[in-house]
Amino acid sequence: MALLSLLPMLGMAKPIAFAKGTTVMAEYGAGTMNEVQLFYAPRYWYSVGGGWLELTSEDGSKQRHVTYLRGNLLAKRWNLPGAQANVFAWGGLGRATGNDF
């Protein structure tokens with residue numbers, strides 16, 4: 001149990017992603033949301049990539065599908081003795097389709 005109390009001390013400041021790193025994320029949300037994202041970070045402070053998002057109403061009557069390309073930028077970081085703060089900016093282009101608009 002004493003070792004578990006040391007885990008917060010092991011946390012270190014991390015970049016948005018490691019330079020030349022790839023990130024793959026997938027999320028499933030209780031049958032009403034599915035999302036997959038793939039990003040590549042040429043440098044630690046920015047990444048580019050894309051994703052796919054599917055939203056379904058709880059009764060299944062409404063659906064939306066979104067595909068997008070996005071850029072992420074770590075605009076500012078503060079490393080404090082006991083904390084870290086980050087400001088991110090992102091933007092992109094995408095397309096949405098659905099049966100309720």
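Biologist: What is the relative accessible area of arginine 64?

Modeller: This is a predicted model, so the value is computed from predicted atoms. Buried means under 20% relative accessible area and exposed means over 50%, with partly exposed in between. Arginine 64 has 36%, so this residue is partly exposed.

Biologist: Which residue does the side chain of arginine 64 meet in a salt bridge?

Modeller: The partner is aspartate 100, with a distance of 2.9 Å from N to O. For a salt bridge, a side-chain nitrogen of Lys or Arg must be within 4 Å of a carboxyl oxygen of Asp or Glu, so this pair qualifies. Aspartate 100 is also partly exposed, at 32% relative accessible area.

Biologist: How many salt bridges does a search of the whole structure find?

Modeller: The search finds one. Arginine 64 sits in strand β4 and aspartate 100 in the segment after β5 (83-98), so the bridge ties together parts that are 36 residues apart in sequence.

Biologist: Where is arginine 70, and is its side chain buried or exposed?

Modeller: Arginine 70 lies in strand β4, which covers residues 63-80. Arginine 70 is buried and has no salt bridge. The nearest side chain of opposite charge belongs to glutamate 35, at 5.7 Å.

Biologist: Which side chain makes a polar contact with the side chain of arginine 70?

Modeller: That of asparagine 72, at 3.1 Å. Leaving aside residues up to four places away in sequence, arginine 70 also touches Gln37, Phe39, Ser47, Val48, Gly49, Trp90, Gly91 and Gly92.

Biologist: Phe39 is in that list. Which residue stands opposite phenylalanine 39?

Modeller: To read a strand pair, look at the direction of the two strands, then at the residues facing each other. Threonine 23 stands opposite phenylalanine 39, which is in β2. Strand β1 (residues 21-29) pairs with β2 (residues 33-43) in the antiparallel sense, over nine bridges.

Biologist: How many residues lie between β1 and β2?

Modeller: Three residues lie between them, and the two strands form a hairpin. In the turn, alanine 30 has a positive phi of about 50 degrees.

Biologist: Where is alanine 19, and what does it touch?

Modeller: Alanine 19 is in the loop between α1 (7-10) and β1. Not counting residues up to four places away in sequence, alanine 19 touches Ala41, Pro42, Arg43 and Tyr44. Its relative accessible area is 48%, so alanine 19 is partly exposed.

Biologist: How far apart in space are alanine 19 and serine 47?

Modeller: Sequence separation and distance in space are read as two separate numbers. Alanine 19 and serine 47 are 28 residues apart in sequence and 9.0 Å apart from C-alpha to C-alpha. Another pair is phenylalanine 88 and arginine 77, eleven residues apart in sequence, with 8.9 Å between their C-alpha atoms. Phenylalanine 88 belongs to strand β5 and is partly exposed, with a relative accessible area of 44%.

Biologist: What percentage of the residues count as buried?

Modeller: Of the 101 residues in the protein chain, 19% are buried. The chain exposes about 7600 Å², and carbon and sulfur atoms supply 63% of that area. For contacts between residues at least 6 apart in sequence, 35% join residues at least 24 apart.

How values were computed
Residues are numbered from 1 along each chain as its sequence is written. This is a predicted model: local features need pLDDT of at least 70, side-chain atom pairs count only at pLDDT 80 or more; totals for chains, interfaces and linings use all residues. Side-chain values use heavy atoms; hydrogens and water are left out. Two strands pair if DSSP finds at least two bridges between them. Helices (H or I, at least four residues) and strands (E, at least two) are DSSP runs, numbered from the N terminus. Buried means under 20% relative accessible area, exposed over 50%, partly exposed in between (1.4 Å probe, protein chains only). Contact means heavy atoms within 4.5 Å. Accessible areas come from the Shrake-Rupley method with a 1.4 Å probe; for residues, only the protein chains shown count as cover. Lys and Arg count as positive and Asp and Glu as negative; His and the chain ends are not counted. A polar contact is a pair of N or O atoms within 3.5 Å; within protein, one must be able to donate a hydrogen and the other to accept it, and residues adjacent in sequence count only if both atoms are side-chain atoms.
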